[in-house]
Amino acid sequence: MAKCAMGKMRRKGLAIMAVHTVDTVANASSTVNLGPAVALSCRECGERFDLGPIFACALCFGPLEVAYDLPTGDPEALRAQIEAGPDNIWRYAPLLPVPANVAEKPNLNPGFTKLVKADNLARELGVTGGLYVKDDSGNPTHSFKDRVVAIAVEAARAFGFTTLSCSSTGNLAGAVGAAAARAGFRSCVFIPHDLEQGKVVMAAVYGGELVGIEGNYDDVNRFCSELIGDPLGEGWGFVNVNLRPYYGEGSKTLAYEICEQLGWKLPDQIVIPIASGSQLTKIDKGLQELIKLGLVEDRPYKIFGAQAEGCSPVSTAFKAGHDVVRPQKPNTIAKSLAIGNPADGPYVLDIARRTGGAVEDVNDEQVVDAIKLLARTEGIFAETAGGVTVGVTRKLIENGLLDPALTTVVLNTGDGLKTLDAVAPTTGPTATIRPSLDAFRDAGLAH
Ligand SMILES: *Cc1c(COP(=O)(O)O)cnc(C)c1O
């Protein structure tokens, strides 16, 4: 089925792809078992399509997202079922586009990472309402990307793909490589050629193909879109392109976990980093589902987006009051967030405005300061994306947009060991001495 659909895509090109793929997939859709997922629906016009490896609406080219037949009935029973599940994202399988037996399949079982009550950081920032860091550096490949990839892998299995691929700013490449190794797929991933060494090594070590593209992420992404429409890419599941609707759903698990870990309560404010904006929009979707299912009390929450000044298309549009996100050429140490033309940018603007949040940015020096602040106060070593989020949180408090008296969750989406270069120039030994007590005394470090 997937093969036939891909053949048609190839001939007709990307724009027409959705139409033909839906036709082809229609017969097979009854055999696609993705649990409670029943269809794809267009975010713009609401048109529905059968589940398949498609990502754009055939009518209006809007992005597709997964529509569900979600469990109705007793929220108490659903809460109990979730709490009795495994300590990973599969505890939320009834709310995800995955088959019910997903936990028995070979995968990396990401998720259920720590929600750290960050009292020391709260004191430094003047937060009195409770400050938490959702620390996704604890995932199998040390970033939040393991969540989205795990869901995309199930879609890839369902649609019969044999190769997993992606365009990546770094973390996704490693997450795809590892998940493919474990789940028995071939992998071939694409990254900008100038990424941090930690990201490159992580992407390569799992044994799949890794291709550096001479260009920035937006060039890599454009290249992958072309590859999908070409025979060269036949049979390939690009987790963040033709499997993007499924991939995105993995980020909902961050919303589920945060609320469950707060005792089935919504936080008042969440600060989320933005690259393509997928994560932010799907966290909002997850929170809305929890409200609809009666798993949390329906009350207002605010969503804040965080960008680096050197790649801030969404915060620039937010501050200017625009609905359209104008692309930028990225130049920042926060390479995992360096997407100059973010696909979900307009939806991020909607969500920030609808919930009463904001989108803000910080410069590279503030990113480094924030990495050190989080490390010094909470013992959490974040990658540059985490520095962006903590730095933006501080700025939002200073400019009065984030209320320090409310419960606030800040996301750390990656591990500082992958971006050592960001802090290495300003971090190192306090002293280097001969191995003698005299030398140590002379260094003035004894307390
Ligand atoms: C990919 C990534 C993000 C944000 O991803 P979106 O494209 O906005 O969903 C945030 N943090 C890290 C570390 C990432 O790798």
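A residue counts as buried when its relative accessible area is under 20%, as exposed over 50%, and as partly exposed in between. Keep that cut-off in mind for the stops below, all of them in a predicted model.

**Whole chain**

Along the principal axes, the C-alpha trace spans about 80 × 50 × 45 Å. Switch to a surface: the accessible area is about 17800 Å², and carbon and sulfur atoms hold 51% of it. Of the 447 residues, 58% are buried. Among contacts with a separation of 6 or more, 71% join residues 24 or more positions apart.

**A178**

Select A178, which lies in helix α6, residues 171–183. Is A178 buried or exposed? Its relative accessible area is 6%, so A178 is buried. Now show what surrounds it. Apart from neighbours within four places in sequence, A178 is in contact with L108, T141 and Y206. Take Y206 as one example: 28 residues separate it from A178 in sequence, yet their C-alpha atoms are 5.6 Å apart.

Most residues other than glycine have a negative phi. Two loop residues come next.

- Select N109, in the loop between α3 (75–83) and β4 (115–117). Its phi is positive, near 45°, and N109 is not a glycine. With 33% relative accessibility, N109 is partly exposed.
- Select H142, in the loop between β5 (131–135) and α5 (145–159). H142 is not a glycine either, and its phi is positive at about 65°. Its relative accessibility is 32%, so H142 counts as partly exposed.

**Helix α13**

Move to helix α13, residues 345–355, and show side chains for its buried residues: G345, Y347, V348, L349, I351, A352 and T355.

**Helices α14 and α15**

Colour α14 (residues 364–378) and α15 (residues 384–398) separately. Their axes come within 7 Å and cross at roughly 90°. To see the contact itself, select V367, D369, A370, I371, L373 and L374 on α14, then T384, G387, V388, V390, G391 and R394 on α15. Sorted by class, the contact has 7 nonpolar, 3 polar and 2 charged residues.

**L401**

The last stop is L401, in the loop between α15 and β13 (408–412). At 41% relative accessibility, L401 is partly exposed. Leaving out residues up to four places away in sequence, L401 touches F304, A358 and L396. For a distance check, select V359 as well: L401 and V359 are 42 residues apart in sequence, and their C-alpha atoms are 9.8 Å apart in space.

Terms used:
Residues numbered from 1 in each chain as written. Predicted model: local features only at pLDDT ≥ 70, side-chain atom pairs only at ≥ 80, totals over all residues. Heavy atoms only, no water. Axes fitted to C-alpha atoms, helices over the stretch in contact; angles between N-to-C directions. Helix = DSSP H or I, 4+ residues; strand = E, 2+ residues; numbered from the N terminus. Contact = heavy atoms within 4.5 Å. Nonpolar A, V, L, I, M, F, W, Y, C, P; charged D, E, K, R; others polar. Buried < 20%, exposed > 50% of the residue type's maximum accessible area, 1.4 Å probe, protein only. Areas by Shrake-Rupley, 256 points an atom, 1.4 Å probe, with all protein chains shown as cover.
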